[in-house]
Amino acid sequence: MSPFGWTLERVSHVFGVNRASVGAACRWVEDERDRRTLDDLLNELETCIQVLYQPPVLDLAR
């Protein structure tokens, strides 16, 4: 299971590649996260994506 709960099959379908390619890319990224600068960058990117996809908070008390 990839971040955000997506399966490798879903990621492969969205990007138009096969599941094996997605799996290889995920393994490469996980290996590269040992590099502090890349890990920090990916953490920032993940935070940005989470903020974009959070449902808006509505104040219905008004």
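The chain has 3 helices and 0 strands, where helices (H or I, at least four residues) and strands (E, at least two) are DSSP runs numbered from the N terminus. Read from the N terminus on, its elements run α-α-α. This is a predicted model, in which local features need pLDDT of at least 70, side-chain atom pairs count only at pLDDT 80 or more, and totals for chains, interfaces and linings use all residues. Residues are numbered from 1 along each chain as its sequence is written, and side-chain values use heavy atoms, with hydrogens and water left out.

**Overall dimensions and surface**

- The chain has a radius of gyration of 16 Å, whereas a compact globule of 62 residues would have one near 11 Å; the radius is taken over C-alpha atoms, and the globule rule is 2.2 Å times the number of residues to the power 0.38.
- Along the principal axes, the C-alpha atoms of the chain fill a box of roughly 50 × 30 × 15 Å.
- The chain exposes about 5,600 Å², of which carbon and sulfur atoms supply 60%; accessible areas come from the Shrake-Rupley method with a 1.4 Å probe, and for residues only the protein chains shown count as cover.
- Of the 62 residues, 11% count as buried (buried means under 20% relative accessible area, exposed over 50%, partly exposed in between, with a 1.4 Å probe and protein chains only).

**Helices α1 and α2**

- The axes of helix α1 (residues 8-15) and helix α2 (residues 19-32) come within 8 Å and cross at roughly 105 degrees; axes are lines fitted to C-alpha atoms, for helices over the stretch in contact, and angles run from 0 to 180 degrees between N-to-C directions.
- The two helices, α1 and α2, are therefore roughly perpendicular to each other (65 to 115 degrees; under 35 counts as roughly parallel, over 145 as roughly antiparallel and the rest as oblique).
- Leu8, Glu9, Val11 and Ser12 in α1 meet Arg19, Val22, Gly23 and Cys26 in α2, contact meaning heavy atoms within 4.5 Å.
- By class, this contact of α1 with α2 has 4 nonpolar, 2 polar and 2 charged residues (Ala, Val, Leu, Ile, Met, Phe, Trp, Tyr, Cys and Pro count as nonpolar, Asp, Glu, Lys and Arg as charged, and the others, Gly among them, as polar).

**Individual residues**

- Ser12 lies in helix α1 and is buried, with a relative accessible area of 9%.
- Not counting residues up to four places away in sequence, Ser12 touches Val17, Asn18, Arg19 and Val22.
- Ile49 belongs to helix α3 (residues 36-52) and is partly exposed, with a relative accessible area of 30%.
- Ile49 and Phe4 are 45 residues apart in sequence and 9.8 Å apart in space, C-alpha to C-alpha.
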